[in-house]
Amino acid sequence: MRKHHKMKQSVRYFLTMILCLCMLAGCGSRDAAQISQTGNAAAESHTEIVETDKNESKAEQTQADDTEQQTSADSPSDFDLADVPDYSGDPYTAVNNNEPYFTADDLTTEAFEDYSELDSLGRCGTAYANVCLETMPTEKRGNISEVKPTGWHSVKYDNVDGKSLYNRCHLIGYQLTAENANKENLITGTRYLNVDGMLPFENMVADYVKETNNHVLYRVTPIFTGDNLVADGVLMEGYSVEDEGDGICFCVYAYNVQPGITIDYATGDSWLSGDGSSNGSNTGSSQATKHEDEHQEEMHHDIAAQTEAYEAETTAQENTGTEYILNTNTKKFHYPSCSSVKQMKDSNKQEFTGSRDELIAQGYDPCKKCNP
Amino acid sequence: MMQVIVCVDDHGGMMFNKRRQSRDRVLCEYVMKLSEGHQVYMSAYSAKLFSEDDRIIVSENYLEEASEEDFCFVEKESLKAYEDQIKKLIIFKWNRVYPADQYLDIDPEKMMKVQEEEFVGFSHEKITMEVYEK
């Protein structure tokens, strides 16, 4: 699905020509090898760029027909997962010397958003946007719980921040393109991937755009091995257009892992690392190690029933959301019963119904007293 | 001795891939206001953030050139070698997390925190200023 945002063609032509010339001249901070790699495309000039756009829908259709291909025509073909080191404690690692795989053809000041069609297994492909003020949200984020990405399990662990192992992970964060329940932009990602791996880059790009009113090419590609339903990680690329990468330039791989938890990427099943039993509460084989509320403990001996009840409760909670009270001044959120709420100025108080993850994604922190 | 100004994220990060983590135009105005009457030394990279001002001195060797009363706005330089010469350290905290591969490499806890203020930035809902002195 591609969204075009309006821009005068003549302006686009002018800026594109300037940017192509700049790249050919080797200006900016891009790696020389990368520039030479993209130079041929740039030399074919504006005409080629326009034709690329005209043929885009056809190219996308061809892509959609190719069920073996996991990403759209816009995905970086030079990336190889084999070049990525194994996870060793950092949530992301630079790849390709931190130089994104964009070519001269990509450089434009036309706003767009492009989300790949789901593949035959229902998995997301590349999400690609030219982020600018025009694409950013003007209203609060909506509910995304209706989307169940491939490999999705509602499973909680005590050793995961916020308990839930999996988040509906925006490929392109809401703060950049304002996409809510777009199933082509949501994958099953660990809490760690979402908060430690991806959010820092979204924050960096969002700030830059707000401060400069410039454009940032931003592309996120989920990397799946074989027919796995859960991505191994995501390739994230960013490049600021007007200043030729002086403000934003990165190419990183963020690991879809959760420290302390082992994940079966084929199915999304999970278990505590070092725990030989397979799967989380979805199959019910790991018991005391999982987050269990009183209701679940009553059915402790009936694992199947426990799993069913847990799923039903989680689903119900996701559909209705939880009620929180926000302090818009301190950026903390509380349960309505929290004693801090009574001390809050009315002018700073705001009711919210939704998920904890949504609030954290909006920059709110949980109250340390009521620990919502 | 010198007075140093830095910006950090929640993890003490300052830069990623040789680029600043973040920026805020209100913070730049704040820096010029708090340094009123003094010169502010910085690199050419940092100077792009500020409006033209006669008090801004641009140099790639500014940490060596600044005098005791001058301020140094530091984004990409290591401060480890200058730790003993810093009499005042002003830390602006973004209150967000950004990618980082370069961090503040001196420990403010070795100094005494004498001031803390919060203000609203242009692209940041809350920026915290902490002032440390020896």
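1. Let's start with chain B: of its 134 residues, 36% are buried. Keep in mind as you read that this is a predicted model.

2. What is chain B built from? The secondary structure of chain B amounts to three helices and 10 strands.

3. Take the contacts in chain B with a separation of 6 or more: 68% of them join residues 24 or more positions apart.

4. Three strands form an open sheet in the order β3-β2-β8, with antiparallel pairing. Its edge strands are β3 (19-20) and β8 (102-103) of chain B, each of which pairs on one side only. Strand β2 of chain B, residues 13-16, pairs with β3(B) in the antiparallel sense over two bridges. Which residue in β3(B) is the bridge partner of Phe16(B)? That partner is Arg19(B). As background, strands of a sheet pair through backbone hydrogen bonds, either parallel or antiparallel.

5. Chain A has a sheet to set beside that one. This open sheet has four strands, ordered β14-β12-β13-β15 in chain A, and its pairing is mixed. The edges are β14 (349-354) and β15 (365-366) of chain A, and each pairs on one side only. Here, β13 (residues 332-334) of chain A and β15(A) run in the parallel sense, paired over two bridges. Within β15(A), Asp365(A) stands opposite Lys332(A).

6. How is chain A divided? Chain A has a domain 1 (2-255) and a domain 2 (321-366). Where these domains of chain A touch, domain 1 supplies seven residues and domain 2 supplies nine residues. On the domain 1 side of chain A, the residues touching domain 2 are two nonpolar, four polar and one charged.

7. Now the two chains together. In the contact, 16 residues of chain B meet 15 residues of chain A. The chain B side of that contact divides into five nonpolar, four polar and seven charged residues.

8. In soluble globular proteins, nonpolar side chains tend to be buried together. The largest nonpolar core here has 91 residues, and those touching the most other members are Val205(A), Val216(A), Val234(A), Ala254(A), Val4(B), Ile5(B) and Cys72(B). Helix α6 of chain A (residues 191-212) gives the most to this core, with 11 residues. A second, separate core has seven residues, including Tyr324(A), Ile325(A), Tyr364(A) and Cys367(A).

9. Cys72(B) deserves a click in the viewer. Leaving out residues up to four places away in sequence, Cys72(B) touches a list of residues that includes Met2(B), Val4(B), Tyr41(B), Tyr62(B) and Ala66(B).

10. Last, is Glu179(A) buried or exposed? With 25 other C-beta atoms within 10 Å, where 20 or more count as buried, Glu179(A) is buried. Glu179(A) sits in the loop between α5 (174-177) and β6 (186-190) of chain A. Beyond residues up to four places away in sequence, Glu179(A) touches His170(A), Ile172(A), Tyr174(A) and Asn185(A). The C-alpha atoms of Glu179(A) and Met136(A) are separated by 9.1 Å, although these residues are 43 residues apart along the chain.

Notes. Residues are numbered from 1 along each chain as its sequence is written. Chains are lettered from A and ligands numbered from 1 in the order in which they are written. This is a predicted model: local features need pLDDT of at least 70, side-chain atom pairs count only at pLDDT 80 or more; totals for chains, interfaces and linings use all residues. Two strands pair if DSSP finds at least two bridges between them. Two residues are in contact if their C-beta atoms, placed from the backbone, lie within 7 Å. Ala, Val, Leu, Ile, Met, Phe, Trp, Tyr, Cys and Pro count as nonpolar, Asp, Glu, Lys and Arg as charged, and the others, Gly among them, as polar. Domain bounds come from an automatic or database domain assignment. A residue is buried if 20 or more other C-beta atoms lie within 10 Å of its own, exposed if 12 or fewer, and partly exposed in between; C-beta atoms are placed from the backbone. A nonpolar core is a set of buried Ala, Val, Leu, Ile, Met, Phe, Trp, Tyr and Cys residues joined through C-beta atoms within 7 Å.
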